[in-house]
Amino acid sequence: MKKILIRSAMPLGEKKSVSEILLRNLTGSNTGNLIFQHSVARVVMEEDTVITAIKTNLIYSEEQVDRWNEEYDMFLIPLANAFRTSFQKELVCITDLVNRLKIPCVVVGVGLQSLLDKEGWEFPFDEDVRVFVEAVLKKSSMIGLRGEITAEYLRRLGYSAEKDYTVIGCPSLYTFGDSLPTPRLTDLTVNSKVAVNYKMELPAKLYRFLRGQEALFTDSVFISQVVPEIKMIYAGFPYFNEKNLEVEVEDYPMHFSDSLMQNDRVVGVVEDISWMEYLRQRDFSFGSRIHGNIVSILAGTPCYIFAGDCRVKELAQYHNIPYMEWQDVREDTNVIDLYQKTDYSQLKRGHRERVSHYLDFLDKNNVPRIEREALSKSSTPFDRWYQSQEGAGVIHPFPSVSAGEQERRLEEYYGEMRVKSWERAQEIRGILKQERQKKRAILKEKKRLEREKQDLIEKQEELQAELEEIKNSRFYKMKVRYDSLKKK
């Protein structure tokens, strides 16, 4: 039996409610994470493989790390745009864990996040990246990167291509091995069923363009894949707060009063089965989210990506996904025209070669995996396990569902919130108890040291008194006089 650790917030093989997923952040804030994490799990899960998901945003105890060293054979680390400022703390945590593990640690995809128009290659996280790369290379043959931009970044940090790293793209596009679905092409019109994805933090020009294109279609649906938004969609938990007010966009559809919310044209996704099935029913997908559109590709639905930064651009380039940089959007740019002009056969150009390179990367790192032929079929050990799980379905907005469904959601959501709050309270009590025990131990040790110090002082005083007594004795004075005469 092979036992593998994998970086993922979502436990494999455990049924979780929507509220659990949202309140415990089991998607790692973005459901797109599950796509490449499950893809890696699918290729490595053999009949005798046990895969355990672990979070990497904390420092683990020595006892826990020792258990993993004794019980597990490998740690797989599928990452997204981990080379970014907002991920620095977690990158340090991952580095700490890799340094303490004695088993192989393999990074299966990692990328740089940077603006498309950024000048220079210096970033505030450069040193953390160096330390991370050095730690991983001690536990693996090489690192898998998402694209050529990240490769250039590591080259400038002093690392060598095909020795320290190689570009593998995103594992999610190798989910079905060589069997990449052929896009289902239709006569796209304003009445077609369209899926749209974007976020509030996009460059204003790109955001306005995507919202405008979304409005062209009578049956467009905005798909949300991030936890704060889905909390709003599912249970009405406020999306706008002190953390995001600075970037608030007036017409962002996260208000109950928004027309998209009122007309059931916003949905949330918390797992990949329902997400993929929903996109199979759409004619076209477009927007700025890379995995929102990769799921569309895996569902056989044509897509078009508008790259707002280099992490999206490098993946689109590597996998021949139709894309446009946001600066190239003009007033007359139209997604229907782009759809009609795009050669979607390019998606499959070079795909088999990329699959070969990906599998070769896994082999060089001695990652156990299923055979290539099996990867292209739909009956892998992972599939049999995953198909037994009941999908949550896409989540329709709170205002559009029945009163009974609203009541059920609120009961589940706030019930889970109470459980989570109680668990957190217990955790805090445990921490406080440990701190009190530490404090008592410190005070006890301090008193012991004070007693030892006092004993030493008393002993020193005793010895000093004894020395004085010896110096004042008749025999000591005779010895001093004898030594003096001897010298003369």
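Where is Gly212 found? Gly212 is in helix α7, which covers residues 204–216. Keep in mind that this is a predicted model.

Let me stay with Gly212 for a moment. Its relative accessibility is 35%, so Gly212 counts as partly exposed. Now pair Gly212 with Ser379. The two are 167 residues apart in sequence. In space, C-alpha to C-alpha, they are 42 Å apart.

Thr333 sits in the loop between β12 and α13, the latter being residues 335–341. Is Thr333 buried or exposed? Thr333 is buried, because its relative accessibility is 8%, and the cut-off for buried is under 20%.

On to salt bridges. Side chains of opposite charge can pair when their charged atoms come close. How many salt bridges does the count come to? The count comes to 32 salt bridges. I will take a few.

Start with Lys2 and Asp48. They form a salt bridge, with the closest N and O atoms 3.2 Å apart. This pair links distant parts of the chain. Lys2 is in strand β1, residues 2–7. Asp48 is in the loop between α2 (32–44) and β2 (49–54). The two residues are 46 residues apart. Both ends are partly exposed: Lys2 has a relative accessible area of 23%, and Asp48 has 35%.

Next, Lys3. Which residue does Lys3 form a salt bridge with? The partner is Glu71, and the closest N and O atoms are 3.8 Å apart. Lys3 lies in strand β1 and Glu71 in helix α3, residues 62–71, so this bridge ties together parts that are 68 residues apart in sequence. Lys3 counts as partly exposed, at 22% relative accessibility. Glu71 is partly exposed too, with a relative accessible area of 40%.

That brings us to helix α3 itself. Which residues of α3 are buried? They are Gln64, Val65, Trp68 and Asn69. An α-helix has 3.6 residues a turn, so residues three or four places apart point the same way. Turn to the face of α3 directed away from the buried side. That face carries the exposed residues Glu63 and Glu70.

Arg330 and Asp332 meet through their side chains, at 3.1 Å from N to O. Both of these residues are exposed. Then there is a network. Salt bridges link Arg208, Arg211, Glu214 and Asp251.

Now the surface, and helix α17. This helix spans residues 403–471, and Tyr414 is in it. How accessible is Tyr414? Its relative accessible area is 32%, so Tyr414 is partly exposed.

There is also a charged patch. Asp455, Glu458, Glu461, Glu462, Glu466 and Glu469 gather on the surface as a patch of negative charge. Take Glu461 from that group. Glu461 is found in helix α17. Glu461 counts as exposed because its relative accessibility is 52%, and the cut-off for exposed is over 50%.

Last topic: backbone angles. Two residues have a positive phi without being glycine. One is Glu162, with phi near 65°. Glu162 lies in the loop between α6 (148–156) and β6 (165–167). At 48% relative accessibility, Glu162 is partly exposed.

The other is Asn320, with a phi of about 60°. Where does Asn320 lie? Asn320 is in the loop between α12 (310–318) and β12 (323–325). Asn320 counts as buried, at 18% relative accessibility.

Key. Residues are numbered from 1 along each chain as its sequence is written. This is a predicted model: local features need pLDDT of at least 70, side-chain atom pairs count only at pLDDT 80 or more; totals for chains, interfaces and linings use all residues. Side-chain values use heavy atoms; hydrogens and water are left out. Helices (H or I, at least four residues) and strands (E, at least two) are DSSP runs, numbered from the N terminus. Buried means under 20% relative accessible area, exposed over 50%, partly exposed in between (1.4 Å probe, protein chains only). A salt bridge is a side-chain nitrogen of Lys or Arg within 4 Å of a carboxyl oxygen of Asp or Glu. Patches are made of residues with over 30% relative accessible area and no salt bridge: like charges are joined within 9 Å, nonpolar side chains (Val, Leu, Ile, Met, Phe, Trp, Tyr) within 5 Å. Accessible areas come from the Shrake-Rupley method with a 1.4 Å probe; for residues, only the protein chains shown count as cover. Lys and Arg count as positive and Asp and Glu as negative; His and the chain ends are not counted. The place of a charge is taken as NZ of Lys, CZ of Arg, CG of Asp or CD of Glu.
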